[in-house]
Amino acid sequence: MPETCTYIARSSAIAARALAGEMMVMNSADSTFFTLNEVATAIFQAADGRTPLREIVRDRICGQFDVDPNEAQADAEQFVAALSSHGILKVSNQPLSSEPAR
Amino acid sequence: MSLMTEVGQKAFNLGVPIAVHMDVTYRCNERCVHCYLDHDDHGEMTTDEIKGVLDQLAEAGVFFLTFSGGEVFMRRDFFELVEHARSLMFNVKIKTNAVMIHEEEARRIRELGVDTIQISVYSHRPEVHDAITKLPHSLERTVRSIRFLREQGLRVTIANVLMTANYSDHAGVQQLAAELDAQYTLDPTITPMMDGDTSVLALRIPGEELKQVFSNPALVENQEEFCAPPKAPSEEDLEGYSCSAGHSFCYISPYGDVFPCVQFPLPTGNLRQQKFLDIWNFSPQMQEVRSIQAKHLTVCSSCSHLTSCSRCPGLAYVEGNMRGPSTADCEKSFYRTGVPTANMLRLGLSKPQSTTGDTAHLIQIRPIAVPA
């Protein structure tokens with residue numbers, strides 16, 4: 001059975017800006033405000049709706065940070081689920097459209 | 001410290017302009033008696049010019065963007081500007097009188113992901129509100145628009161400017177805000193006209209009534225703390241700065257002029273001639289504003305109110321010296337605590353003596369920001 005891909009995209013309802021390498025994110029629907037650390041920022045910036053999460057973790061996280069691949073994948077899935085529950089990220093097993101991140 | 005405060009402090013320390021207030025027009029469909037603006041168009045930036053400025057602001061790290069005026073909806077391209085701002089992922093707030101917002105506009109504002117809409121309401125009584133705006137039926141139209149916005153689930157804040165004409169109506173406006181499920185803020189800012197005419201200051205609330213405002217628990221939270229006698233400033237306090245103007249905040253006029261703050265009319269450059277970051281980083285005026293620490297303040301550095309006073313450097317500048325005291329803020333500190341300020345003692349006054357009027361937010365404590 002083929003492995004299911006997870007695609008992630010930034011919601012159009014959010015505001016986001018990088019401040020000294022960390023991303024500030026605010027959901028205009030409920031004004032929840034987050035700052036993302038360097039690793040989470042890398043995932044958020046790569047959330048273009050077209051690149052599978054596994055590929056993002058492999059290229060943007062394991063390629064740049066000293067981290068165990070399985071642990072990174074598990075952490076990334078947890079992070080994506082948390083931001084999805086706050087309406088920051090859209091998650092699908094099909095490619096999605098996304099807003100650019102600055 | 002809240003996450004938002006932490007981020008604001010970080011931007012301050014790094015010199016990142018995290019928040020910008022942009023007036024897109026000075027034109028308006030109301031003629032409020034206390035308004036400080038000249039409503040003629042003296043050459044507003046075009047749609048493309050503003051979009052170009054927004055691109056620059058995004059690159060500079062601006063996150064919080066307030067569109068204001070004048071009345072923003074006097075610009076036919078206003079939604080195009082908001083759409084561009086949102087595509088750049090700004091957190092957008094709009095200040096408006098809302099008169100031109102109908103169901104369609106409210107729906108569009110929601111679709112664009114605007115964070116908050118701040119709307120001026122002067123009174124719950126049409127005869128008082130409309131007499132201030134000089135626009136017949138303006139309260140009725142504004143309230144109807146607020147309902148449209150709330151139906152869309154948008155966050156609305158009612159800004160209640162207090163002046164002599166509506167001083168007794170704040171409780172009614174608060175109640176109206178509650179009925180509309182909107183936030184309420186007191187915004188008693190009466191500023192001299194842009195041409196220097198100070199006649200509008202006659203509309204401001206007299207000092208004795210300030211005392212009543214400060215002691216009203218419906219208007220001021222944490223009253224005990226707010227009205228507590230000031231503590232003498234420490235050595236560390238003297239190393240701090242007044243506010244975020246020029247440090248992490250600035251104001252842009254419809255003509256592209258950049259100022260440290262909307263209340264600080266010190267020109268620092270024009271976006272038709274220079275890039276935003278060149279003005280922000282290298283303008284001598286911006287650098288001067290940024291260099292002023294509490295210890296450099298000519299009178300206030302020896303004032304016991306230093307760390308709790310809302311001293312506005314822009315108002316001090318209007319009075320003639322950006323390092324000097326702001327009389328309006330001295331007055332607030334006195335009526336808030338009953339303790340005379342250093343400026344009053346210097347002048348031998350037992351009560352404040354206003355010179356340029358009260359032009360700052362009343363309900364506000366702006367602690368000195370201490371660098372990390």
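## A bridge across chain B

R155(B) and D115(B) join their side chains in a salt bridge, at 3.4 Å from N to O. A salt bridge here is a side-chain nitrogen of Lys or Arg within 4 Å of a carboxyl oxygen of Asp or Glu. The pair links distant parts of the chain, 40 residues apart. R155(B) sits in strand β5 of chain B, and D115(B) in the loop between α4 (103-111) and β4 (116-120). Helices (H or I, at least four residues) and strands (E, at least two) are DSSP runs, numbered from the N terminus.

D115(B) is buried, at 7% relative accessible area. R155(B) is partly exposed, at 25%. Buried means under 20% relative accessible area, exposed over 50%, and partly exposed in between (1.4 Å probe, protein chains only).

## Basis of the model

This is a predicted model: local features need pLDDT of at least 70, side-chain atom pairs count only at pLDDT 80 or more, and totals for chains, interfaces and linings use all residues. Residues are numbered from 1 along each chain as its sequence is written, chains are lettered from A and ligands numbered from 1 in the order in which they are written, and side-chain values use heavy atoms, with hydrogens and water left out.

## Other salt bridges

Over all chains, the structure holds 19 salt bridges. One of them pairs D181(B) with R150(B), at 2.6 Å from N to O. D181(B) lies in the loop between α7 (170-179) and β6, and R150(B) in helix α6 (residues 138-151), so this pair ties together parts of chain B that are 31 residues apart in sequence. D181(B) is exposed, with a relative accessible area of 52%. R150(B) is partly exposed, at 23%.

D77(B) and R75(B) also meet in a salt bridge, at 2.8 Å from N to O. D77(B) is buried, at 12% relative accessible area. R75(B) counts as buried too, at 7%. A network of salt bridges links E83(B), E104(B), R107(B), R108(B) and E111(B).

## The sheet

Chain B has an open sheet of nine strands, with mixed pairing. The order is β6-β5-β4-β3-β2-β1-β7-β8-β9. Its edge strands are β6 (183-186) and β9 (269-270), and each pairs on one side only. Two strands pair if DSSP finds at least two bridges between them.

Strand β5 (residues 155-160) runs parallel to β6(B), and four bridges join them. A159(B) in this region stands opposite T185(B) of β6(B).

## A negative surface patch

D38(B), D40(B), D41(B), D195(B) and D197(B) form a surface patch of negative charge. Patch residues have over 30% relative accessible area and no salt bridge; like charges are joined within 9 Å, nonpolar side chains (Val, Leu, Ile, Met, Phe, Trp, Tyr) within 5 Å. Asp and Glu count as negative, Lys and Arg as positive; His and the chain ends are not counted. D38(B) lies in the loop between β1 (19-23) and α2 (47-60) of chain B. D38(B) is partly exposed, with a relative accessible area of 34%.

E49(B) lies in helix α2 of chain B. E49(B) is partly exposed, at 29% relative accessible area.

A131(B) belongs to helix α5 (residues 126-133) of chain B. A131(B) is partly exposed, at 48%. From A131(B) to R31(B), 100 residues apart along the chain, the C-alpha separation is 9.6 Å.

Definitions and conventions. Areas by Shrake-Rupley, 256 points an atom, 1.4 Å probe, with all protein chains shown as cover. Charge placed at Lys NZ, Arg CZ, Asp CG, Glu CD.
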